[in-house]
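Q: Please take one residue in this model and go through its surroundings closely. Then carry on to the other parts worth a look.

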Amino acid sequence: TMSFINPCHRGLAYGDGHIQGDGQLGQVVRVVGDDLFAVNTDPELRSFGILIKDYAGGEMPGIYCGGGIYETDVFEGTINPGDNLKVSATGKLEGGNIANRQLVIAQAISVQSGVLKFRLLV
C-alpha cells in the first residue's frame with residue numbers, strides 16, 4: 001500500500017526552494033542552503049518540516065511546517081501516546097530516548113493499526 005500523511009488540523013505549508021537529493025513523503029527535512037532543503041537524518045540538527053509527497057532532487061518540495069496535527073504510517077520503532085518524537089537515521093519520525101542535544105520535533109497523540117497521529121512542533 002502507498003504511504004500517506006494526512007493533515008487533520010494543518011499548520012503552515014511551505015512550497016518554495018528546492019530539495020537536494022530525493023525525498024520521500026513523511027521524511028523530515030532541514031535547511032541546507034539558500035532556499036535549499038535536504039532530508040534530515042541527524043536528530044541533533046534543526047528540522048524544518050515534513051515532506052507532503054515524494055520529490056526528486058531539484059524539485060520544489062511541499063513541506064508541512066509551523067505546527068498542526070497530522071496522521072501518517074511513515075515512522076519507525078515503537079511509539080506510545082504522549083511520546084516526544086525526533087528524526088531517525090532515515091529521516092522519519094521516531095520515538096524512544098531523546099539524548100542530550102537531540103531535538104524534539106513532534107509529540108505522539110495516538111498509534112492505532114499502524115497509524116501515528118502526532119502534533120508537529122516545527
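A: The model is predicted, so read each contact as part of a prediction. Leu36 itself lies in strand β4, which covers residues 36–39. Its relative accessibility is 24%. Buried means under 20% and exposed means over 50%, so Leu36 counts as partly exposed. Now look further away. Gln107 is 71 residues from Leu36 in sequence, and the two C-alpha atoms are 26 Å apart.

Next, the cores. The largest nonpolar core has 18 residues. Among those that touch the most other members are Ile5, Leu116 and Phe118. Strands β6, β8, β10 and β11 each give two or more residues to this core. β11 gives the most, with 3 residues. A second, separate core has 7 residues, including Ile19 and Phe37.

Finally, compare Thr72 in strand β6. Thr72 is buried, with a relative accessible area of 1%. Its side chain reaches the backbone oxygen of Phe4 at 2.5 Å. A polar atom of that side chain also lies 3.0 Å from the backbone nitrogen of Val74. Leaving aside neighbours within four places in sequence, Thr72 is in contact with Phe4, Ile5, Gly114, Val115, Leu116 and Phe118. Ile5, Leu116 and Phe118 belong to the largest nonpolar core.

Key
Residues are numbered from 1 along each chain as its sequence is written. This is a predicted model: local features need pLDDT of at least 70, side-chain atom pairs count only at pLDDT 80 or more; totals for chains, interfaces and linings use all residues. Side-chain values use heavy atoms; hydrogens and water are left out. A nonpolar core is a set of buried Ala, Val, Leu, Ile, Met, Phe, Trp, Tyr and Cys residues joined through side-chain atoms within 4.5 Å. Buried means under 20% relative accessible area, exposed over 50%, partly exposed in between (1.4 Å probe, protein chains only). Helices (H or I, at least four residues) and strands (E, at least two) are DSSP runs, numbered from the N terminus. A polar contact is a pair of N or O atoms within 3.5 Å; within protein, one must be able to donate a hydrogen and the other to accept it, and residues adjacent in sequence count only if both atoms are side-chain atoms. Contact means heavy atoms within 4.5 Å.
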